[in-house]
Amino acid sequence: MKFFIDTANLAEIREAHGLGVLDGVTTNPTLVARENITTRDAFEKHIKTICEIVDGPVSAEAVSSSADDLVAEARTLAAIDQHVVVKIPMTTDGMKAVHRLSEEGIKTNVTLVFSALQALMAAKAGATYVSPFVGRLDDIGHRGMQLVEEILDVFSNYLFETEVIVASIRNPLHVLEAAKMGADIATIPFKVIGQLASHPLTDAGIRSFLEDWRKVEKGMSLK
Ligand code: E4P
C-alpha cells in the first residue's frame, strides 16, 4: 500500500519524507491557499520543490472548466516535472480531458469522486488514479469507506490500470480500513500520519522503562 501526504506544506512533506513512508503527495486549491503563494510562478515553483523532495507522484489540481482549457492547463502543470499528476474534476468535460491527456501520456488523478459509477467512468476514460473522498461522505451521514469497497469490487472484475487513492481521510481508522480492503493508496493529512505511529501504551512503556533504567544506573554509580 502506498502512502501519499495530503498537504502543500513543505515542512510537513519534508517531515513525512524523513519517516521513510512517503510515496507521493496530493495537493488541492484549498491546501495551496494555506501556503504563502501569491503568483502563478510561485505556485509552479512550489510544486517543483515538492517534486524535488519526494521521488514519487505529486498531484497538482487543474481549475479550468471546459475540456479544452483543462487539457491546456494540464499540459502546463505536467511540464513542471515528470512526477506531476494532474488532478481533474469528475465532470463530463473532465472525462473528455482525461481521455485526451491519457493519449498524450499525461497522468491524471480524477478528484471529487463520490460514487462507484463515477470511478468506473474515470477508469474507462483512462485515469491514472481515482480519488474517492471518504471523509466528506462521512460528514453527510454516508459511509465513505463503503464507497471504496464498492470501487475496489468493481475494478477487481476488470483489468483497469487505474489506482484507487483513498482521499479526504480524517482519522487512522480510515487508513486501517483502506489497508484491509487492499486500496492502492491512502492520501493522509500530516496529523493523521503522526497518529498512525503513536500508541499510549508505547509512550507509557517507554516512560516506565526509562524510570527503571535510572534505578539501574543509580545502583551502578553506588559501586
Ligand atoms: C485529495 O486529493 C484531497 O486533496 C483531499 O483528500 C480532500 O480532503 P478534505 O475533504 O479533507 O478537504
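1. Helices (H or I, at least four residues) and strands (E, at least two) are DSSP runs, numbered from the N terminus. Residues are numbered from 1 along each chain as its sequence is written. This is a predicted model, in which local features need pLDDT of at least 70 and side-chain atom pairs count only at pLDDT 80 or more, while totals for chains, interfaces and linings use all residues.

2. Strand S5 (residues 108–113) is largely enclosed by the rest of the structure, because five of its six residues are buried, where buried means under 20% relative accessible area, exposed means over 50%, and partly exposed lies in between (1.4 Å probe, protein chains only). Strand S4 (residues 84–89) pairs with S5 in the parallel sense over four bridges, and pairing requires that DSSP finds at least two bridges between the two strands. Within this arrangement, Lys87 stands opposite Asn109 in S5.

3. Leu112, which is placed in strand S5, is not a glycine and yet has a positive phi of about 65°. The relative accessible area of Leu112 is 33%, so this residue counts as partly exposed.

4. Ser168 is likewise a residue other than glycine with a positive phi, here of about 60°, and Ser168 is found in the loop between strand S7 (163–166) and helix H9 (172–181). With a relative accessibility of 7%, Ser168 counts as buried.

5. A further point concerns Asp138, which lies in helix H7 (residues 134–139) and is partly exposed, with a relative accessible area of 33%.

How values were computed:
Side-chain values use heavy atoms; hydrogens and water are left out.
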